[in-house]
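Student: I would like to work through this model strand by strand, with each criterion stated as we reach it. Could we begin once the structure is in view?

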Amino acid sequence: IVKTNEFKDGQKVKAVWVADDTNGAAPDDYQVGESELLLSEKSKDNGQGQFADGYWNIEFSVSKPNKGWPVGEYHVDLYLDGELYETLQFSVE
C-alpha cells in the first residue's frame, strides 16, 4: 500500500516484487511479479488507486505462489514513470 501526495494525475506507477534469497526455493533476484497502474484523478476508484483529500491511496498485490511464500529475503521496487522511486525490503519467516 502506498499513500502519497507526491504523485500526479497521469503518471504510471509500478511495483515489482523480487525474491533476493530464498535458500534455493527460487533463484536469487527472481522477479516474483509486478503490477502497474496509470493514475487518474477522474476515476474515484480504478481498482487499485484512489485520489481523495489530496492523497493517492494505491494498493498493489501479487498472487501468492502455489506452494506459499518461501522463507527468505525479498524487496519491492516502486517505479514512477519508469524510473526507480523507492525500494522496500521485507522478510518472510
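**Strands, sheets and charges**

Tutor: E1 and E5 pair in the antiparallel sense, over three bridges; a strand here is a DSSP run (E, at least two residues, numbered from the N terminus), and two strands pair if DSSP finds at least two bridges between them. This is a predicted model, in which local features need pLDDT of at least 70 and side-chain atom pairs count only at pLDDT 80 or more, while totals for chains, interfaces and linings use all residues. Residues are numbered from 1 along each chain as its sequence is written, and side-chain values use heavy atoms, with hydrogens and water left out.

Student: Which residue in E5 is the bridge partner of Thr 4?

Tutor: E1 covers residues 2-4 and E5 covers residues 55-58. Within this antiparallel pair, the partner of Thr 4 in E5 is Trp 56.

Student: What is the order of the strands in the open sheet of three strands?

Tutor: E5 pairs with E1 and, over four antiparallel bridges, with E4 (residues 49-52). E1 and E4 each have a single partner strand, so they stand at the edges and one side of each is left without a neighbour in the sheet. The order is therefore E1-E5-E4.

Student: Which residue in the turn of the hairpin formed by E4 and E5 has a positive phi?

Tutor: Ala 52 in E4 has Tyr 55 as its bridge partner in E5, and the hairpin has two residues between its strands. The residue in the turn with a positive phi, of about 55°, is Asp 53.

Student: What is the order of the strands in the open sheet of four strands?

Tutor: Eight bridges join E2 (residues 12-21) to E3 in the antiparallel sense, with Ala 19 standing opposite Tyr 30. Nine bridges join E6 (residues 72-80) to E7, also antiparallel, and Val 76 stands opposite Leu 88 there. The edge strands, which pair on one side only, are E3 (30-38) and E7 (83-92). The order is E3-E2-E6-E7.

Student: What does the twist of this sheet average from one strand to the next?

Tutor: Axes are lines fitted to C-alpha atoms, and angles run from 0 to 180 degrees between N-to-C directions. From one strand to the next, the twist of the four-strand sheet averages 15°.

Student: Which residue forms a salt bridge with Glu 34?

Tutor: A salt bridge is a side-chain nitrogen of Lys or Arg within 4 Å of a carboxyl oxygen of Asp or Glu, and a search of the whole structure finds one. Its closest N and O atoms are 4.0 Å apart, and it links E3 with E2 across 20 residues of the chain. The partner of Glu 34 is Lys 14.
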